[in-house]
Amino acid sequence: MADTSARTVQCYDLTKREVHYILQAGDEPLASPVGVALDVASNVLVSDSVNSKVYIFSPQGEFLRELGSGAVRFQRPAGIAVAVNGDVYVVDVLAHKLKVFEKTGRYIGEFPREGSGEPLYLPSNVAVDRAGHVYVTDSMNFTVKKYDRDGNYLRSFGEIGDAPGSFARPRGVAVDSDLHVYVVDATFDNFQIFDQEGKLLLFVGKPGKGPGEFYLPSGIFIDRNDRIFVSDTYNKRIQVFEYLRQGTP
């Protein structure tokens with residue numbers, strides 16, 4: 001997990017109950033780590049919004065290289081997601097784009113494409129489902145936009161508002177194994193769950209410090225076992241939930 005204020009990435013092994021820290025990339029200290037993801041080789045990808053770089057570290061925290069070094073420049077990289085086939089998607093906030101790389105690190109391109117009619121405005125986070133669909137929190141358009149793996153626009157859901165199903169400050173986005181879409185809202189202090197058509201199914205959380213309560217949540221991640229990790233920023237913790245299918249004992 002990225003601890004932006006501490007300028008570090010904290011790496012926890014929940015099985016061994018061990019932790020180690022990533023503080024710098026080679027001789028360059030981390031300045032503002034904001035996005036973290038694991039690639040198909042379990043290397044750790046870290047976006048640094050101030051250094052305007054995406055670093056790649058080994059699972060042990062050894063600096064390996066920069067993503068896209070020499071081929072592409074980031075303005076303000078933020079959210080990162082890795083597809084099942086190994087493609088890497090990086091949100092470049094100030095460019096209002098997603099930049100896409102093969103698992104080898106080769107730069108493929110970016111989207112939305114010019115003239116697509118569905119531009120992003122200060123996107124923040126990205127998720128990829130098991131079918132290869134890409135979901136982006138489009139912060140200042142107050143929506144989540146869905147694309148296919150080639151960057152073709154499919155649909156949007158959500159709108160500005162203060163009612164369930166709308167957004168005020170959408171941040172993290174994630175998808176479970178049944179393709180439900182989870183969106184963290186930092187103003188509502190909750191996460192909302194939608195189906196593939198954008199219909200609201202459930203919302204979880206409220207302001208507070210207790211279990212299931214949040215204070216400015218900012219990110220969300222769902223692992224292969226459908227455990228849901230939510231970064232509860234001002235409560236300085238990660239809360240863990242589990243998605244249980246209907247009929248689960």
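This is a predicted model: local features need pLDDT of at least 70, side-chain atom pairs count only at pLDDT 80 or more; totals for chains, interfaces and linings use all residues.
Ring pairs join Tyr-89, Phe-111, Tyr-147 and Tyr-153 into one cluster. Phe-111 falls within strand S13, which spans 107-111.

The sheet itself is open and has 4 strands, in the order S10-S11-S12-S13. Its pairing is antiparallel. Strand S10 (77-82) and strand S13 (107-111) stand at the edges. Each has a single partner strand, so one side of each lacks a neighbour in the sheet. From one strand to the next, the twist averages 20°. Strands of a sheet pair through backbone hydrogen bonds, in either a parallel or an antiparallel sense.

The structure holds 1 cavity of 30 Å³ or more. The largest cavity has about 50 Å³ of space. Val-88 lines it, together with Asp-39, Leu-45, Ile-56, Arg-65, Leu-67, Glu-102, Lys-103 and Gly-105. By class, this lining divides into 4 nonpolar, 1 polar and 4 charged residues.

Leu-67 is part of that cavity lining, and Leu-67 also lines the second largest pocket. About 160 Å³ of space lies in this pocket. Ser-52, Lys-53 and Val-54 are among its lining residues. The stretch Glu-66, Leu-67, Gly-68, Ser-69 and Gly-70 contributes as well. Val-72, Arg-73 and Phe-74 complete the list. The lining of the second largest pocket has 4 nonpolar, 4 polar and 3 charged residues.

Back to the rings. The structure holds 16 aromatic pairs. One of them is Phe-157 with Phe-194. Their ring centres lie 4.9 Å apart, and their planes meet at 40°. A pair counts as stacked under 30 degrees and as edge-to-face over 60, so this one, at 40°, is tilted. The pair links distant parts of the chain, 37 residues apart. Phe-157 sits in strand S17 (residues 153-157), and Phe-194 in strand S20 (residues 190-194).

Phe-157 has 5%, so Phe-157 is buried. Phe-194 has 1%, so Phe-194 is buried too.

How values were computed
Residues are numbered from 1 along each chain as its sequence is written. Side-chain values use heavy atoms; hydrogens and water are left out. Two strands pair if DSSP finds at least two bridges between them. Helices (H or I, at least four residues) and strands (E, at least two) are DSSP runs, numbered from the N terminus. Axes are lines fitted to C-alpha atoms, for helices over the stretch in contact, and angles run from 0 to 180 degrees between N-to-C directions. Rings of Phe, Tyr and Trp (its six-membered ring) pair if their centres lie within 6.5 Å; planes under 30 degrees apart count as stacked, over 60 as edge-to-face and the rest as tilted. Buried means under 20% relative accessible area, exposed over 50%, partly exposed in between (1.4 Å probe, protein chains only). On a 1 Å grid over the protein atoms alone, a cavity is a set of points where a 1.4 Å probe fits but cannot get out, and a pocket is an open set with protein on both sides within 12 Å along at least five of seven lines; lining residues have an atom within 4 Å of a point. Grid points are joined across faces, edges and corners, and a volume is the space filled by probe spheres set on the points. Ala, Val, Leu, Ile, Met, Phe, Trp, Tyr, Cys and Pro count as nonpolar, Asp, Glu, Lys and Arg as charged, and the others, Gly among them, as polar.
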